[in-house]
Amino acid sequence: MGRRGENIRRRDDGRWEARVIQGRPADGKTNYKYFYGRSYQEVKQKKRAYLAERTAESKKMSSLVAAEGGAEAVLFRDEVDGWLAAKKSVVKESTMACYTLITEKHLLPSLGAMPVSAITDDVLTAFLERKKASGRLDGGALSDKTLSDMKVVLMQILRYAKKQGVISALPECPPVTRRQPDASVLTLQEQELLEHQALEEDEPFSLAVLLSLYSGLRIGEVCGLQWQDFDYKNGTITVNRTVYRIPALDGQSDGKTKVVIGVPKTDRSLRTIPLPSPVFQYLMKRRRPGECYVITGNLHYMEPRVCLDRYKRLLRRAGVAGHTFHTLRHTFATRCVENGVDIKSLSEMMGHSDVKITMQRYVHPSMDAKKAQVNKLPCFRASGQTSGRQQGEIA
């Protein structure tokens, strides 16, 4: 039951929900901003903090307008609405959800009430520094990726405003350093243990591990793979779809997120991958009707977070721990490089648009591979001796 006058209620799923009126468009339908929590006090606190920040921003906006001589100013939130409307028809649903989430959670609370013309170099620098230090909802620091994505969206909105003639020049945005985290790769022993466990259990889900280990498929691509995607004559699989979970922004879902089956993230991700013959033959013995999903064995897909939970349990049974599902993709790329697969072919199998991405992100040769390479170098030729590989290889 809702708290009278507060727009706070307890939902059927047990969570508490608070809402704040954002505005009433011409169609008469009220727009709300929602806050969720496990208790009444939690959502009330979130609502109060938001209202306090919005009040402070409104006062700041009023002073800026006054400083400009009272001239009518186009607010940043208006340009956000226009930019989102323009993007809706040209980007994927998952991308649109990402844009909306970034604008609602980060950009609008801080910059929404400001005139676009008042967003200067200093304002952008201060905004990004504040977000970097304490931009998370719990007050913690944002990740490099989130900060980088936020900057991209922010600058796109400002370019849209410039194109609309709202501003004459773009403010200079400080660079955001995005460090690529080190990728974990299974050792040969760990890979052997995991493969042995998957083969021993011999159930449809076991194929998820084998497919990613020997094709580099992402978790969503594995979940979306159907038997009709196999070319039985040529021993290949074609990635046609992916399963992913995105924020539910259309009001058609009971929760905060929903599952979507769509095309892969980029055009290069739509790709055909050859499988090693022993792996392909093993798969063919477990073949099901074309529309069945490979890792469930039936007409129902498995969503990524369920797949991840089952993968973690399989890891524990195999005696291997501390690896994400994406580790299997890293491992595939690394084993390909260690065994002489050319980088261009590997890049295409991984679905990358540039070979540099493959080299920088997924290729991590082991120390044994590095030793094997340096042992190929000719050594001490000036003294008449033969190569180091022949006279004392590195152990």
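Me: Why are H2 and H3 called roughly antiparallel?

Reply: In this predicted model, helix H2 (residues 76-88) and H3 pack at an angle of about 175 degrees, with their axes 11 Å apart. Axes are lines fitted to C-alpha atoms, for helices over the stretch in contact, and angles run from 0 to 180 degrees between N-to-C directions. Angles under 35 degrees count as roughly parallel, over 145 as roughly antiparallel, 65 to 115 as roughly perpendicular and the rest as oblique, and H2 and H3 are therefore roughly antiparallel to each other. Helices (H or I, at least four residues) and strands (E, at least two) are DSSP runs, numbered from the N terminus.

Me: Which residues of H2 and H3 meet, and how many of them are nonpolar, polar and charged by class?

Reply: With contact meaning heavy atoms within 4.5 Å, Phe76, Arg77, Val80, Trp83, Leu84, Lys87 and Lys88 in H2 meet Met96, Tyr99, Thr100, Thr103, Leu107, Leu108 and Leu111 in H3. By class, nine nonpolar, two polar and three charged residues make up the contact of H2 with H3, where Ala, Val, Leu, Ile, Met, Phe, Trp, Tyr, Cys and Pro count as nonpolar, Asp, Glu, Lys and Arg as charged, and the others, Gly among them, as polar.

Me: Does threonine 103 count as buried or exposed, and what does threonine 103 touch?

Reply: Threonine 103, which lies in helix H3 (residues 93-111), has 0% relative accessibility and therefore counts as buried; buried means under 20% relative accessible area, exposed over 50%, partly exposed in between (1.4 Å probe, protein chains only). Not counting residues up to four places away in sequence, threonine 103 touches Val80, Leu84, Leu108, Pro109, Val153 and Ile157.

Me: What makes H6 roughly perpendicular to H10?

Reply: Helix H6 (residues 188-201) and H10 pack at an angle of about 105 degrees, with their axes 9 Å apart, and that angle is why H6 is roughly perpendicular to H10. In this contact, Leu193, Leu194, Gln197 and Glu201 in H6 meet Tyr311, Leu314, Leu315, Arg317 and Ala318 in H10, and by class the contact has six nonpolar, one polar and two charged residues.

Me: What makes the pair of tyrosine 311 and phenylalanine 325 edge-to-face?

Reply: The structure holds eight aromatic pairs. In the pair of tyrosine 311 and phenylalanine 325, the rings lie 5.1 Å centre to centre with 70 degrees between the planes. Rings of Phe, Tyr and Trp (its six-membered ring) pair if their centres lie within 6.5 Å, and planes under 30 degrees apart count as stacked, over 60 as edge-to-face and the rest as tilted. The pair links distant parts of the chain, with tyrosine 311 in helix H10 (residues 304-318) and phenylalanine 325 in the loop between H10 and helix H11 (326-338), 14 residues apart. Tyrosine 311 is buried, and so is phenylalanine 325.

Me: How do you know that the charged end of arginine 287 sits over the ring of tyrosine 232?

Reply: A charge sits over a ring if NZ of Lys or CZ of Arg is within 6 Å of the ring centre and within 35 degrees of the ring normal, and the charged end of arginine 287 sits 3.5 Å from the centre of the tyrosine 232 ring. Tyr232 also forms one aromatic cluster with Trp227, Phe230 and Phe280. Elsewhere, arginine 15 lies over the face of tyrosine 36, at 4.9 Å from the ring centre.

Me: Why is aspartate 229 called buried, whereas aspartate 202 counts as partly exposed?

Reply: Aspartate 229 has a relative accessible area of 5% and is therefore buried, and aspartate 229 lies in the loop between helix H8 (219-224) and strand E4 (230-231). Its contacts, not counting residues up to four places away in sequence, are Gly224, Thr236, Ile237, Thr238, Asn240 and Arg241. Aspartate 202, in the loop between H6 and H7, counts as partly exposed because its relative accessibility is 39%. Aspartate 202 also has a positive phi of about 45 degrees although it is not a glycine.

Me: Which residues and atoms do these values rest on?

Reply: Residues are numbered from 1 along each chain as its sequence is written, and side-chain values use heavy atoms, with hydrogens and water left out. As this is a predicted model, local features need pLDDT of at least 70 and side-chain atom pairs count only at pLDDT 80 or more, while totals for chains, interfaces and linings use all residues.
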